Amino acid sequence: MAPTAASRARRTPPSLGIALGMVAGAALLLAVTRELFLLQVLTFVFIFAIYAQSWNLVAHSGQFSLGHATFLGLGGYASILLARNLGLPPAVSLFVGPLLPALVGLGIGRLCVRLREWYLGMVTFGFTAITQLLVVEQFGWLTNRWDGLEAPRLLPAGLSVEGAAVGNYLIGLGLMVATYLAVASLMRSRTGLAFATIHDNELVAGVSGVDVRRYRILAMGAGGYLAGLAGALNGHTLTRHISPGVFGIEDSIWPLLYSIAGGLRTPEGPILGTLVVRLFWELMLRRLGGFESLITIVLMLAVIVRFFPQGLYPLVLRGVAAVGARPAVRR
Amino acid sequence: MILDPGVLLQVLIWGLVIGSVYMLLATGLTLIFGVMKVINFAHGELMMTGAFLTFLLWHALGLHPYLGVFVSMAGVGLLGIAVERLGFRPLRGTAKINEIFLSIALILILQNALARAFIPYFREYAQIRTPYAHRVFDLGLLNLRYDFAILLGLTWAVMLGLYLLLFRTEFGREMRGTSQNRLAAALMGIDVGRIDTASFGIGAGLAALAGSLYGIINPFSPYSGTLPAIKAFAVIILGGLGSIRGAVLGGLLYGVVEGFATFFLGGAWRDATAFILLLLVLLVRPEGIFRERA
């Protein structure tokens, strides 16, 4: 029996404490080591945790998007183009750019408002391919087609390699924690309850006065913004480049895998999932090739789905409760 | 010049050939959905597995591609059966997200397994070359490639076989019954689990044929299946989920529209036009042109 929205809200531990814990942990790590590779992997984790958070928020409203790379890529392109062609500082375009995928999200939400489950999956799946086509062919004059665009760096030029890595790490961390707090409070608000009710039963939600249509579109729009933010951040910090390859299926699948691994429909799950899956991935890449690693990751997730259908986060909660350091699970 | 009937006929034939690929994919998808209420997102990857098998049989063992197709269909059919038995069967009755996860996970597994086997030996693209690659029938108005004629014949023979299986045998009756009402079918003593397995196997086999067909007319890579599969999704949405008639007509129609769009608007619009069609249908008639048969 799935927990109801209300009982779930009551059982979640205070998010501010968790946010402080994350910041403390990340700062501690920075104090201990400046290993560049590790910092880069973790920056990646922070950015893609925002991305997974976005997917999870949309899933929270009962919509499983299989085309999230559309938003990721559009956010990156919009921000990079704003910075390159209009001379906006990346620190500004980073937040303005994602308005484009947010709008697209509202559009997709409107278009798919009557679609559920497999239908919605198929259509969103197709949107990535459509967007890629549009970006490469119809907007090729703007996007430099398959070669893609160099992205202006977010940090001021002239920083040392280490300084830049630390800077990206901190920016990623800050935005991830901010996103986490925003999503956690959104999930606990009336809007979040409306999302959860729609997820549990759309008909019941409608009958009890929830404007299903409005909230579903809203979820897609918010998801579009957050995914776009992750895409823009990734472009301006880690990859420093964007190409139409970003609209691949794999990038649409990752946030789903991260969220499922960590725990669907909790604001902590996507972060935990991204961290665990990504660290596992990096460890595996040292022994296996890329193809084999990906297959192993998927099989590992299949095991998680089979034996821990709620993901890893409830295990962590239970672990914390069992240790009894502080009863995080309250009923 | 552009409206020369011979040229238009040529475009039509091309549309029908590529439409056959979509038709086979869509028929398999809709068959599986009808019975199991599951969309196999990895259908494009099963398709490429089929193409790759036919290619390997020809490349490594020298088997004639038009014989290899059948071996490949059987092989991928067995793979489909394994996927149903080991994957979807245990998830039946659990949360929908689990089935969606499995369906998506299969994409990554098959794609990477294929790429692992393919890329070190064949680099980026391969193509199946039949002995008739350069031969054409001269029909006056148009030149019909041997391969196109054989592929169309082969596809229709297989579709006829499927029709006979579904509408002229007891097993087909059970399959259609399960598709219409699973519970009632089970209560009538039909082994619905067996029907699931069979429909997934048949769907996978059809995908293998589609892939081999695709691999004969186009160069392919392990990643080539994605776009045709997305188009097949569009086709079954267009035709109504679960409707075989819709999948057949929708697939051919889609191929022909794509052929003419490419011809008149240029290659850049080849994939986009068809998607625009899908968006229109979604807006105007989200339940599809042919409704799911009750």
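## Burial and shape of chain B

Of the 294 residues of chain B, 49% count as buried. The model is predicted. Chain B averages a pLDDT of 86, and 96% of its residues score at least 70.

The overall dimensions fit a globule. A compact globule of 294 residues would have a radius of gyration near 19 Å, and chain B has 19 Å, so the two agree. The C-alpha trace of chain B spans about 60 × 45 × 35 Å along its principal axes. Contacts reach across the sequence. Among those in chain B with a separation of 6 or more, 75% come from residues 24 or more positions apart.

## Fold of chain B

Chain B has 11 helices and 2 strands. Along the sequence they follow the pattern α-α-α-α-β-β-α-α-α-α-α-α-α.

Helix H1 of chain B covers residues 5-36. At 1.5 Å a residue, its 32 residues should span 46 Å; the end C-alpha atoms are 45 Å apart, which agrees. H1(B) is mostly covered, with 23 of its 32 residues buried. Just after H1(B) comes Lys37(B), which takes a positive phi of about 55°.

## Ile244(B)

Ile244(B) sits in helix H10 of chain B, residues 244-265. Is Ile244(B) buried or exposed? It counts as buried, because it has 24 C-beta neighbours inside 10 Å and the cut-off for burial is 20 or more.

Beyond its neighbours within four places in sequence, Ile244(B) is in contact with Thr27(B), Thr30(B) and Leu31(B). Ile244(B) and Gly19(B) are 225 residues apart along the chain; their C-alpha atoms are separated by 15 Å.

## Chain A

Chain A has 16 helices and 2 strands. Its radius of gyration is 19 Å, close to the 20 Å that the globule rule gives for 331 residues, so chain A is as compact as a globular protein of that length. Its C-alpha trace spans about 50 × 50 × 40 Å along the principal axes. Of its 331 residues, 50% count as buried. Among contacts in chain A between residues at least 6 apart in sequence, 78% join residues at least 24 apart.

Helix H6 of chain A holds residues 99-111. Its 13 residues should span 18 Å at 1.5 Å a residue, and its end C-alpha atoms are 18 Å apart, which agrees. The buried residues of H6(A) are Leu100(A), Pro101(A), Ala102(A), Val104(A), Gly105(A), Ile108(A) and Gly109(A). Their cover includes helix H4 (69-85), helix H7 (117-138) and helix H12 (212-239) of chain A.

## Positive phi in chain A

Two residues of chain A deserve a look at the backbone. Glu117(A) lies in helix H7 of chain A. Its phi is near 40°, a positive value in a residue other than glycine. Asn144(A) is in the loop between helix H8 (140-143) and strand E1 (149-150) of chain A. Asn144(A) is not a glycine, yet its phi is positive, at about 60°.

How many C-beta neighbours does Glu117(A) have inside 10 Å? There are 16, so Glu117(A) counts as partly exposed. Asn144(A) has 16 C-beta neighbours inside 10 Å and counts as partly exposed.

## The nonpolar core

In soluble globular proteins, nonpolar side chains tend to be buried together. Here the largest nonpolar core has 185 residues. Those with the most contacts inside it are Phe48(A), Ala230(A), Leu25(B), Ala207(B) and Ala210(B). H1(B) gives the most to this core, with 16 residues.

What does Leu25(B) touch, not counting residues up to four places away in sequence? Its partners are His43(B), Met47(B), Ala207(B), Ala210(B), Pro228(B), Ala229(B) and Ala232(B).

## Where the chains meet

The predictor gives the complex an ipTM of 0.83 and a pTM of 0.88. On the chain B side, 31 residues are in contact with 31 residues of chain A. Helix H4 (96-122), helix H9 (226-239) and helix H11 (270-284) of chain B each supply at least two residues of the side that touches chain A. The largest share of that side, 14 residues, comes from H4(B).

What is the make-up of the side of chain B that touches chain A? Its residues divide into 25 nonpolar, 3 polar and 3 charged.

Conventions: Residues are numbered from 1 along each chain as its sequence is written. Chains are lettered from A and ligands numbered from 1 in the order in which they are written. This is a predicted model: local features need pLDDT of at least 70, side-chain atom pairs count only at pLDDT 80 or more; totals for chains, interfaces and linings use all residues. Two residues are in contact if their C-beta atoms, placed from the backbone, lie within 7 Å. Helices (H or I, at least four residues) and strands (E, at least two) are DSSP runs, numbered from the N terminus. Ala, Val, Leu, Ile, Met, Phe, Trp, Tyr, Cys and Pro count as nonpolar, Asp, Glu, Lys and Arg as charged, and the others, Gly among them, as polar. A residue is buried if 20 or more other C-beta atoms lie within 10 Å of its own, exposed if 12 or fewer, and partly exposed in between; C-beta atoms are placed from the backbone. The expected span of a helix is 1.5 Å times one less than its number of residues. The radius of gyration is taken over C-alpha atoms; the globule rule is 2.2 Å times the number of residues to the power 0.38. pLDDT is the predictor's confidence in each residue, from 0 to 100. A nonpolar core is a set of buried Ala, Val, Leu, Ile, Met, Phe, Trp, Tyr and Cys residues joined through C-beta atoms within 7 Å.
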